[in-house]
Amino acid sequence: MGRAEYAPEVIDILAVDDEQVNLLLLTGLLRREGVNVVTARSGYEALKLLDTHDFALILLDVMMPGLDGFTTAERIRSDENTRHIPIIFITAISKEQRHVFKGYEAGAVDYLIKPFEHEILKNKVQVFVDMHRQRLAVQRASEALAKTVDELRSSTKALSDSRTRYQSLFTSMFNGFALLSPGDEPQPDLAQARILEINPAMEQILGLPREALLERTMGEILPNLEGYLRDFATEVVRSGKSGLIESYLSDIKRWLRIQAYVPGPGLLAMVAEDITARRKAEETLQERTFRDPLTGLANRALFMDRLEQSMERSRRRLNYLYAVLFLDLDRFKPINSSLGHAAGDKVLRAVAERIKGVARGLDTVARCGADEFALILEELKGPGEALRVARRICDELARPMELHGNALHFTASIGVVLGPADYAQPEELLQDAGIAMEHARTLGGGKVKVFKWAMRTRAQYALNVNQSLHHALDRQQFRLHYQPIFNLKDNTLAGFEALIRWQVDGRLVPPGDFIPHAEQTGLIVPIGQWAIAETCAMTAQWEERFALPKGFNVAVNLSAKQFSQPDLMRQLTRALEENHLDPQRLKLEITETLVMQNPESVVHKLRGLREMGVKVSIDDFGTGYSSLSYLRRFPINTLKIDRSFVSDLDAFENLIIVRTIVSLAHNLGFDVVAEGIETERQRHFLAELNCEFGQGFLFSRALTEEKALELLSVCCPKPGLEP
């Protein structure tokens, strides 16, 4: 005959959420799993239900009005009648990992992040429901066993009648059971307790047959019996009150959840549930929550927690010194783009190992970003020790790294904040370490920079500028000023250079204070597009009102980001056509550095500009490094001599450079503009060298639109019109 099967009893779980729709969803998902979902709309309601129900699990929302999930969990854990109930937090908070720490501190065994996978929810709930069923079975079996032991002691005849029941009970129990005799000592020791009886489940846990266990002491079976477990058993025997503990037994390499109680005088019963799999799962969760999966280092969440602890220690101890290092690899991105992300991952793992090799045993090393690492150096003897560690890391990373037959060379920029320092939050300290790192990077990479408060001021200013730049175009705060360019032979007006100015609250922000920020953020592209459109519109007005000479043009600077835009030609065409402007009137100025970044691509785009009829000038010529083989191929019109050479023509080397540039330009068919002319002597000397054009304070500073109109009315009046 087949064995009779019975439907498992329905187990209650508690779902707490202030949103009714969430409770309905949970109830619907778990109804078919043999689970009865009792619901509560608040923490207060949940606490009341605990008095009348024996719940297998609590699904607890974090963010609730009144009594939030963390506080509710803490109250559940503070009550010895409910502290055993496992709690899973269900929350939409996924980015702030400090909530994870707080949840575990409040007593959570797991987290589910909304929106969660339905199968994951069902599987997690089923684990705890099964554990609850097993716990109920153990409890009932223990009660029956205690009754059986009483019968054994009260009657010899009951012994033979109960033996069958006793053995059947032992054989069917899922959890391990051992009946011990702790002895008659005033302070009984678990290691000296003899095993009177044991069930098959406990045989499996201990890894020995019943015959090898009976009448032996626990100390003989488990020679490395943990001290806190022995203290726990002593307290149960001494007080007569049952107890519950989770303990790792190193002899058998298992985690056990042990319930101990005194079934009668001179006896100690222990029921053991093997929770090794659950503890490993919890450790895996901890590992995933607080460890970087690629390098095995601490992740940002764990790093911030450790940093907060270091800051707290520095407040309590006067002589406690620590430091934070923030490290970013220089020029790492080309690795992913050229060798692939798998190669990049290998590099990051190797970098992590090298940093760990330099760090000391008590230091924390973390990966905080794609190629960003951070360290907390503890118990420093002095500030110099932190700098020595930072420099050793730089030296270690500078060693060549072999990858797929390639010898890769890296440098790292490191920012250092020396503690103790006056910070309220660890995020502020790490932010300042990042600011110091950026300063180190500006020095060329592979450098170490210690944070100073002036750096924070400059960083805040840069942030304010960047934020204001985002609104400057919409608020029409940009202006064009025009610096005249004159023919050096006859002092006639040959054109202008259009220069961008930013007007805020009636004052002009110097270009050096905002152009670098615009380039860094990419805002230089829309700003540059506006400058071209405005230049074309203004030049078209001038052409209509004045008798502009044949070679007259207006130059506008083109940034590297703007030059690389795929729709540059279309932008130029639209600006010229909308204003009916002759392309010859527009000149684009690009830097020598931009030209040499990708000469082949630049040549192709410059040819397109020449076909349009737009003129091109290479700005700041002589400050970079141009290949003559490329220079002769560039379809350009003008070389512009940098002001650094013009300002000191008395220096022999500057004299030679200027003369060479003029000669080179003429041999290649280019004209020359010298900028920064401030004296008549400089103008005369450049004219003697046959430099065609010049600009500078000798002639005029950059003019507003109104002043430029006045100059044009004098230099280029249209016949028949009043100047």
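Reader: Which helix gives the largest share of the lining of the second largest cavity?

Author: Keep in mind that this is a predicted model. The general idea is that rolling a probe the size of a water molecule over the atoms shows where empty space is left. In this structure, helix 9, which covers residues 227-239, supplies the largest share of the lining of the second largest cavity, namely three residues. That cavity has a volume of about 40 Å³, and its lining consists of Pro182, Pro188, Asp189, Leu190, Ala193, Ala233, Thr234, Val237 and Leu268. Sorted by class, the lining of the second largest cavity has seven nonpolar residues, one polar and one charged.

Reader: How many cavities of 30 Å³ or more does a search of the whole structure find, and what is the volume of the largest cavity?

Author: The search of the whole structure gives two cavities of 30 Å³ or more, and the largest cavity has a volume of about 140 Å³. Its lining is made up of 15 residues, of which Met202, Met218, Leu256, Ile258 and Met270 are the closest to the centre.

Reader: What does the lining of the largest cavity look like by class?

Author: The lining of the largest cavity has 15 nonpolar residues, with no polar and no charged residues.

Reader: How many disulfides does a search of the whole structure find?

Author: As a general idea, a disulfide is a covalent bond between the sulfur atoms of two cysteines. In this structure the search finds zero disulfides.

Reader: Is Cys368 buried or exposed, and is Cys691 buried or exposed?

Author: The cut-off to remember is that a residue counts as buried when its relative accessible area is under 20%. Cys368 has a relative accessibility of 14%, and therefore counts as buried. Cys691 is also buried, because its relative accessible area is 1%.

Reader: Where is Tyr482 placed, and which residues does Tyr482 touch?

Author: Tyr482 lies in strand 18, which runs over residues 478-487, and with a relative accessible area of 1% it is buried. Leaving aside residues up to four places away in sequence, Tyr482 touches Phe496, Glu497, Ala498, Met538, Trp542, Arg701, Ala702, Leu703, Glu705 and Ala708.

Notes. Residues numbered from 1 in each chain as written. Predicted model: local features only at pLDDT ≥ 70, side-chain atom pairs only at ≥ 80, totals over all residues. Heavy atoms only, no water. 1 Å grid on protein atoms, 1.4 Å probe; cavity = no way out; pocket = protein on both sides within 12 Å on 5 of 7 lines; lining within 4 Å. Points joined across faces, edges and corners; volume = space filled by probe spheres on them. Nonpolar A, V, L, I, M, F, W, Y, C, P; charged D, E, K, R; others polar. Helix = DSSP H or I, 4+ residues; strand = E, 2+ residues; numbered from the N terminus. Disulfide = S-S within 2.5 Å. Buried < 20%, exposed > 50% of the residue type's maximum accessible area, 1.4 Å probe, protein only. Contact = heavy atoms within 4.5 Å.
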